[in-house]
Amino acid sequence: MSVATPAPAGPSRKRSESGASWRWSDRLGLGLAWVLGLLFCAVAAAIVIYFLIEGIRYLRPNLLVTNPTPGVSESETGGFLDPLLGTLILGAMSMAIAVPVGVGIAVWLSEFGRPTGLARLAESAVEMLAGEPSVVLALFGAVLFTAGHLGFLSQTSHGVVLGQSFFAAAAMLSLVALPMVVASTREGLQAIPSHVREASYAVGKTKIATTRRVLLPAARPSVITGSMLGLGRVIGDTAIVLLLLGGTLTFQAANSTPLFGLLRGTGDTLTGYIYYTAPTGDGNQPSKAYAAAFVLMLMVLAINLGVDLVVKRSQRAVRWS
Amino acid sequence: MELRKPPPVRRLTGNEIPAPPLRNGNGRHASTTFALPSRRAARDAAIVVDRMQVEQLSVSYGSKPAVKSVSLPIRQGEVLALIGPSGCGKTTLLRSLNRLTELTRGSSLSGRITLDGADIAMLEPTALRRRVTMVFQQPNPFPMSVFDNVAYVLREQASRRPRKAAVRGAVRDALARAGLLDEVADNLDHPALRLSGGQQQRLCIARALAADPEVLLLDEPCSALDPLSTRLIEELILKLREDVAVVIVTHNLQQAYRIADSVAFMYLGELVEYGSAHRMFGSPREARTREYISGAFG
Amino acid sequence: MDRDVYVDHDQGFGFLEQDRGLSQDQRAELGLGALVFLVVGLLVALFAFVLHEAWPSFAHNGLAWFGGGGSVDQQLQAISTSGDLKETPVYTFHAWPLIWSTVVITLGAVVIAFVSSLFIAVFMVEFAPAWLRRILEPVVRLLASVPSVIYGLAGVLVLVPLIGNHLITQSEKASVTPTIQLSGSSLLAAVVILTVMIAPIMIAVFADGLRAVPRGWLEGSLALGINRWRTFWKVGVRTARPVLVAGTVLATARALGEAIMVSMVAGGVGFAPNPVDGLIFFFEPSRPLAATIIDFKDELSSPPMKHTLYAIAAVLLFSSAMLSVIGWAAKRPMRRYGVVP
């Protein structure tokens, strides 16, 4: 037998220098990733701490329960009760529209979806809606609500429909929240394996009954997540509020009907109030702005924590085999 | 181009030359119950070269020991099959050969593994993994073309990215060694994920060969494939063993019977028995080995 | 023996169904389909109404609407007064300074945010130590949901004074005094805050995409002797390319339409920042398209201004729609290699 030298079959055995496994560009890239990562932490911490400190400094409980009053110095201008209520009302109204409509569309897209042309059109429409700036939606709302048919939902003044009311703002805000509800619900429904649906059809249940009794309850965490994300966007929106809500710092009801009048009237939200009291706004009361910003941040934080909680709880719940 | 120390040479002695094909009922030990077609014809005494040596290796994940004090040699020129029931530590042993166990959090290792005499713990992991490459159970070609998949190693391991013309020859060679060149030669830019399962696995083998390794590790490479692809890959492995040391983990005893030259049987982390395939399948010494091979447990 | 009659309320009574002629499923399908139709119709109405209101402004100006010429602020003033005094409406409007401002601010923010967000997302998903990752992930999501007016507030109260008082020298201010005021409300402020605003969105989307890369591919690359950084970059980031496109398109649309925050920090002046000015370029005030709508919102009811503002909105509308289409089109070629979005 011949003496063995490992016969180099195939490609010639060329080895790169050891240590070349990390090129300098790799080290640079990794270093950059670390630097940017830590920088981001620093900026995020700075933002959070800044608003925390300033908010605590300026937030007093009475601000939450008094209304804005006209005044010159900051001590005279009152709190932001009505804007706070305005945020809550708008949030509730817009979600009351967005959630049922969004879930309905998601169910249609996921379970029915014929004709396919309409389904694809609907998908594109929702996606395009998600990308539209809220100023554009605000202007759309302005046109819609000054047109004859919907004019009854907003204030009229001297026979001219102004197109500004809680109804108008809530309607457009629901469009802002809609894509998120649809996307999240659809994902939740599509994650349910088909054998669950087949099991239900096999005992004679209709599609809609299956959806109502089996699928939607199972997809509930997704619905909740999507709604909360949508709600987050709604309470943070300023453009639609500024254009469609009138910006009157207190509620100005359109007529004296108890609830309907209020909702037909104008008002303000926290975001509009912050815009107004910022140094660039007409009010220029930075201390109030800090306080309101702090409250708004707490609301956003609460929503985020809620989403985290729901997601964590759902991960521990049903396991499809 | 660095010069490598020539590996130690060993010639086969008479005891180690594989015996003629097994046939049932010719007086051999009755524990073998395979009624298979005859094993591949005994090859002429091939050159067998020591490549790696595992010395008293123990691996634990956290507090759970996965491999307990295993020692065995890995040689170029032969196929080593690691067999044993699920959870016996054969995959962990395989993964420790190219230090993939280090990627798992909480893993700890004691003992020594040497490659051509050098302790692999002293080598840079990336350098080691180019000399000892691995093919996984699930074919995992990258989402690129066939050409880019095979060229990936060649491009990324060099300190400067070579031009396409420079690697084309090496890519074709690797594909030829993996027996895939004929099937993809007309369109090397075909997306790799559109190949069939068997072709994808051979592509992964070609990719592993492109790194020009000294040892090729295969972790149950055929378990996700159909019989035809399995046969193609087994023939490929037999051809490859001349140039590369092959270690294959398999839970399929028939496969081990078909292609292995040496067999190591593991049970619950321990190396129960190690020997030539002829002896292990014909007349194993340990009772547990006998039971496993005859199918008493699995 | 009594027979229990089980009434399945979901199915209804059989004989009643026959009367109605439509099964429950069909009714549901029609009802939900009508809802879908309504929403699609709303989107169509959005385009139709905005274009309808915008038409007079475009008709009067033609393509010169997009061009330059004259001070856009003066033009807006003229439009506004003509509406008030009920004279012949004036529509002359050359929006170039606004468009330029939009382009510079949006592109600047998106480019910086893209590069940073990619590295930060890679860091977060693969290289950060576990404790840091656990902090970073919720923080990114929180920052992504902070309302833009709060970012604007931070900008106005912190960044603008910083720039105005510390970064811009007196001589620089003096050099441009007749034309514009350098007060700190500037291009730089807008780009910085916009970057900080859209980065968390991009990071969150990128991180999701990177996490979805199959571990088998990453492990396979490591087992071939490629180092961790290169493995993640060549295999992970490449696989996540459709997600990168999607995240960038999303962030660009957000940046384009951001009106509130920018109107607070960009300067509110219809001036086109001039790169030739050197360093001062970054300190020049301007006003992008979306912010213009907000700044003139009070005059929405008077016709010439209304049509002008709707024309601006139409431009924004089409830009975002175009971005959606680009995002969709960019994903298609990537399906070929198995990189499934």
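**Notes on the predicted model**

1. Chain C contains 14 helices and zero strands, where helices (H or I, at least four residues) and strands (E, at least two) are DSSP runs numbered from the N terminus. Read along the sequence, the pattern of chain C is accordingly written α-α-α-α-α-α-α-α-α-α-α-α-α-α.

2. A word on conventions: this is a predicted model, in which local features need pLDDT of at least 70 and side-chain atom pairs count only at pLDDT 80 or more, while totals for chains, interfaces and linings use all residues. Residues are numbered from 1 along each chain as its sequence is written, and chains are lettered from A and ligands numbered from 1 in the order in which they are written.

3. On confidence, pLDDT is the predictor's confidence in each residue, from 0 to 100, and chain A has a mean pLDDT of 81, with 84% of its residues at 70 or more. Over residues 1-19 of chain A, however, pLDDT stays under 50, although the model has 32 contacts beyond four places in sequence for this stretch; two residues are in contact if their C-beta atoms, placed from the backbone, lie within 7 Å. Where pLDDT is low, the predicted coordinates should not be read in detail.

4. Of the 341 residues of chain C, 50% count as buried, a residue being buried if 20 or more other C-beta atoms, placed from the backbone, lie within 10 Å of its own, exposed if 12 or fewer, and partly exposed in between. Among contacts in chain C between residues at least 6 apart in sequence, 78% join residues at least 24 apart.

5. The domain assignment divides chain C into domain 1 (23-84) and domain 2 (96-335), with bounds that come from an automatic or database domain assignment. The C-alpha centres of these two domains of chain C lie 25 Å apart, and 21 residues of domain 1 are in contact with 20 residues of domain 2. On the domain 1 side, the elements that give two or more residues are α2 (24-61) and α3 (72-84) of chain C. That side has 11 nonpolar, seven polar and three charged residues, where Ala, Val, Leu, Ile, Met, Phe, Trp, Tyr, Cys and Pro count as nonpolar, Asp, Glu, Lys and Arg as charged, and the others, Gly among them, as polar.

6. Between chains, 68 residues of chain C are in contact with 65 residues of chain A. On the chain C side, α2(C) gives the most, with 15 residues, and the residues of that side divide into 49 nonpolar, 12 polar and seven charged.

7. V150(B) lies in helix α3 (residues 146-157) of chain B and counts as buried because it has 31 C-beta neighbours inside 10 Å. Beyond four places in sequence, the contacts of V150(B) include V171(B), L175(B) and A210(B).

8. S222(A), in helix α9 (residues 220-236) of chain A, counts as buried because it has 26 C-beta neighbours inside 10 Å. The C-alpha atoms of S222(A) and V181(A), 41 residues apart along the chain, are separated by 8.5 Å.

9. Helix α3 (residues 81-112) and helix α12 (residues 270-277) of chain A pack at an angle of about 140°, with their axes 7 Å apart. Axes are lines fitted to C-alpha atoms, for helices over the stretch in contact, and angles run from 0 to 180 degrees between N-to-C directions. α3(A) and α12(A) are therefore oblique to each other, given that angles under 35 degrees count as roughly parallel, over 145 as roughly antiparallel, 65 to 115 as roughly perpendicular and the rest as oblique.
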